[in-house]
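Hello,

Here is the structure I promised to pass on. Please have a look, and then read on for what turned up in it.

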Amino acid sequence: QEQFAESGGGLVQPGGSLTLSCAVTSDVFAYYAMAWFRQAPEKERELIASISSAETTDYGDSVKGRFTISRDNAKNMLYLQMSNIQPEDTAVYYCNEVALSGSDYVPFGSWGQGTRVTVSS
């Protein structure tokens with residue numbers, strides 16, 4: 001079963017930038033769509049960015065224009081470049097494999113530990 005190891009989180013000032021990484025243990029990484037999720041304090045986990053096996057990307061309204069998702073299939077790595085970070089981006093960030101259910105992507109892998117991003121001045 002695939003495993004996910006997120007890294008790159010930390011404390012960042014408003015307006016700053018950060019790049020998150022997700023190392024995926026999988027023999028079939030290149031064939032799956034992937035996504036970044038986040039869970040803010042006392043809120044449900046939400047999908048914020050996705051990338052298909054063909055590298056088609058999509059973003060939630062809250063991060064569109066500020067975050068960029070990418071993947072390196074040769075290294076089994078998923079990335080999230082975050083710019084103009086705001087306090088409302090404070091959350092634990094997770095990656096996972098996703099599959100289409102109707103018109104929405106849903107996660108189907110086990111969750112990793114996530115990486116915490118705290119935005120504060």
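Start with Gln113, which is exposed, with a relative accessible area of 74%. This residue sits in the loop between strand 10 (104-107) and strand 11. Leaving out residues up to four places away in sequence, Gln113 touches Glu6, Val92 and Tyr94. Ala5 is 108 residues away from Gln113 in sequence, yet their C-alpha atoms are 7.0 Å apart. Please keep in mind that this is a predicted model.

Overall fold

The protein chain has zero helices and 11 strands. Its pattern along the sequence is therefore plain β throughout: β-β-β-β-β-β-β-β-β-β-β. The radius of gyration is 13 Å, close to the 14 Å that the globule rule gives for 121 residues, so the chain is as compact as a globular protein of that length. Along its principal axes, the C-alpha trace spans about 40 × 30 × 25 Å.

Some totals for the protein chain follow. Buried residues make up 42% of the 121 residues. Of the contacts with a separation of 6 or more, 56% are between residues 24 or more positions apart. The exposed surface comes to about 6,500 Å², and carbon and sulfur atoms supply 44% of it. There are 8 positive and 14 negative side chains. The centres of those two sets lie 5 Å apart.

The nonpolar cores

Which residues touch the most other members of the largest nonpolar core? They are Trp36, Leu80, Met82 and Tyr93, in a core of 26 residues. Strand 3 (18-25), strand 4 (33-39), strand 5 (46-51), strand 7 (67-72), strand 8, strand 9 (91-101) and strand 11 (115-119) each supply at least two residues of this core. The largest share, four residues, comes from strand 3. Apart from this core lies another one, of six residues, including Ala35, Phe37, Tyr94 and Val98.

Tyr93 is worth a look on screen. Not counting residues up to four places away in sequence, Tyr93 touches Glu6, Leu20, Trp36, Phe37, Arg38, Ile48, Phe67, Leu80, Met82, Gly114, Thr115 and Val117.

Leu78

Is Leu78 buried or exposed? Leu78 has 0% relative accessibility, and buried means under 20%, so Leu78 counts as buried. Its place is in strand 8 (residues 77-82). Beyond residues up to four places away in sequence, Leu78 touches a set that includes Leu20, Cys22, Phe29, Met34, Trp36, Ile51, Ile69 and Cys95. Ser21, Ala35, Ser70 and Arg71 are also among the residues that Leu78 touches. Phe4 is 74 residues from Leu78 in sequence and 9.7 Å from it in space, C-alpha to C-alpha.

Between strands 5 and 6

Two residues stand out here for a check. Ser53 is in the loop between strand 5 and strand 6. Ser53 is partly exposed, with a relative accessible area of 39%. Not counting residues up to four places away in sequence, Ser53 touches Ala30, Tyr31, Tyr32, Ala33 and Arg71. Thr19 is 34 residues from Ser53 in sequence and 21 Å away in space, C-alpha to C-alpha.

Glu55 is found in the loop between strand 5 and strand 6 (57-59). Glu55 has a positive phi of about 70°, although it is not a glycine. Its relative accessible area is 46%, so Glu55 is partly exposed.

Into strand 6

Thr57 lies in strand 6. Thr57 is partly exposed, with a relative accessible area of 35%. Leaving aside neighbours within four places in sequence, Thr57 is in contact with Ser50, Ile51 and Ile69. Thr68 is 11 residues from Thr57 in sequence and 8.6 Å away in space, C-alpha to C-alpha.

Asn84

Where does Asn84 lie? Asn84 is in the loop between strand 8 and strand 9. Phi of Asn84 is near 45°, a positive value in a residue other than glycine. With a relative accessible area of 41%, Asn84 is partly exposed.

Best wishes

Terms used
Residues are numbered from 1 along each chain as its sequence is written. This is a predicted model: local features need pLDDT of at least 70, side-chain atom pairs count only at pLDDT 80 or more; totals for chains, interfaces and linings use all residues. Side-chain values use heavy atoms; hydrogens and water are left out. The radius of gyration is taken over C-alpha atoms; the globule rule is 2.2 Å times the number of residues to the power 0.38. Buried means under 20% relative accessible area, exposed over 50%, partly exposed in between (1.4 Å probe, protein chains only). Contact means heavy atoms within 4.5 Å. Accessible areas come from the Shrake-Rupley method with a 1.4 Å probe; for residues, only the protein chains shown count as cover. Lys and Arg count as positive and Asp and Glu as negative; His and the chain ends are not counted. The place of a charge is taken as NZ of Lys, CZ of Arg, CG of Asp or CD of Glu. A nonpolar core is a set of buried Ala, Val, Leu, Ile, Met, Phe, Trp, Tyr and Cys residues joined through side-chain atoms within 4.5 Å.
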